[in-house]
Amino acid sequence: MDAAVDPAALVAETPRAQAAAMRAGHVTAVELAAATVAAAREVDARLNAFVEIDADVARIAAQEADRRRATGEDGPLLGVPIALKDDLDAAGHVTSWGSRARTTPARADDAVVTRLRAGGLVPIGRTTLPELALYGFTESARFGITRNPADVTRTPGGSSGGSAAAVAGGAVGLATASDGAGSIRIPASCCGLVGIKPGAGRTPGGGWNGLSVQGCVTRRVADSALYLDLVGDFPTPLADAAAQDPPPLRVGIDLASPVTPALPLDHELEDAVAGVAELLASLGHDVRAVRVPYGIASLPFIARMLDGLAASAADVDDPERLEARTAEIVRLGRLVPHAVIGRARRQGEAFGRRVLADLGVDVLLTPPARGPAVPIGHWDGRRGLPTMLGMARHYAHTPAWNHTGQPAAVLPAGTSRAGLPLAAQLVVPPGEDARLVSLAGQVERARGE
């Protein structure tokens, strides 16, 4: 091995840097996996980001990655450690979905897990999420409270809160995430990470009546692009797009809440999004104010989500062990006439095809929420419906783009005076994942990140 480096120092590097170090012979996958497991245990003790950390699984996968590399095989993420959100089936492991009601080990790997194993990624553990991936905070009766690395009194968001806390906390450079109403983008915004929601149908899955997609959280756009290329199906490689600046684009900025237009926006977050708009203008893009005609689009979205949740709950081992507010929301979902779901889905897709064109823009810029990460326990003591309404007000800017199937991304946009991460969201038309990643990469480079 040439010029060996300390594997512990590589844990905090990007997945691309880790892969390059292994490719150059500076470290083995086994060494990097062991260092990552050790870091994950330290981070978990502070943040409660993991359901389980499995050194044996990591070592076996890393040994296989080293064997493959020794035979001359290479890959952009071969041997790179990854944490799996606990909503992905891995054979022999219980996929808890954050719930006491799920106890049966999975019989086979999820399609995403199959693809990441084929790419040589090394799973080191499974990350926390709220029950049934339902909430924008990661607090559950089964696994307790997951905390934000920037401020342990704040939530890391949800539902991919454990994944975001693990990456932002320095346990791992890459973690899987899923997004049915913002569950990639909300934790990314709360923790200062990159969170890209691919367009509908681009990655395996499609739960919650097609609202949910699989993705990841990382610190850099290019790393997210590499992962999405590995597990998804895109007509243009996203890794190539991430490295190329887009042509001048028409960018519409809308700061108003889709749910309650008069709802105030946190002043520091407003300034952060405005700063991204100014940066885009300085890069040659045409930035203009717009107002998205959301109308009653939230109603068909809610129908799809509630019906999908009821279907998820029907798959648990012991429904009596669901948390009380989750059970209440599930009961609401069972009241949704299934006949309306197809029409709701078509309405969302139709809105997505025309909304940006009708506004005369190529890209939409919004906040991801009405403020930064909320305190731990912000929704404690509330029943199901009040919790959902409260989240709808705070996380107002993410669900619409699950309903339409449009690609959307959250990017870091600085920090508040209190040190809380701030972020901005970019949205593009259906099928324009490469354009989204290209613009996100340009913004990241321009910010010197």
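**A threonine and its surroundings**

A polar atom of the Thr-203 side chain lies 3.0 Å from the backbone oxygen of Gln-214. The model is predicted, with local features needing pLDDT of at least 70 and side-chain atom pairs pLDDT 80 or more, while totals for chains, interfaces and linings use all residues. Residues are numbered from 1 along each chain as its sequence is written, and side-chain values use heavy atoms, leaving out hydrogens and water.

Thr-203 sits in the loop between strand E7 (194-197) and helix H8 (207-210); helices (H or I, at least four residues) and strands (E, at least two) are DSSP runs numbered from the N terminus. Its relative accessible area is 7%, so Thr-203 is buried (under 20%; exposed is over 50%, partly exposed in between, with a 1.4 Å probe and protein chains only). Leaving out residues up to four places away in sequence, Thr-203 touches Pro-198, Val-213, Gln-214, Leu-228, Val-231, Gly-232 and Phe-234 (heavy atoms within 4.5 Å).

The largest nonpolar core holds 118 residues, and Phe-50, Leu-116, Leu-121, Val-217, Tyr-227, Leu-365 and Val-437 have the most contacts inside it. Such a core is a set of buried Ala, Val, Leu, Ile, Met, Phe, Trp, Tyr and Cys residues joined through side-chain atoms within 4.5 Å. Helix H3 (residues 29-47) supplies the largest share of this core, nine residues. Another core, of 13 residues, lies apart from it and includes Phe-351, Leu-356, Val-361 and Ala-400.

Leu-385 belongs to helix H15 (residues 384-394). Leu-385 counts as partly exposed because its relative accessibility is 43%.

Definitions and conventions. A polar contact is a pair of N or O atoms within 3.5 Å; within protein, one must be able to donate a hydrogen and the other to accept it, and residues adjacent in sequence count only if both atoms are side-chain atoms.
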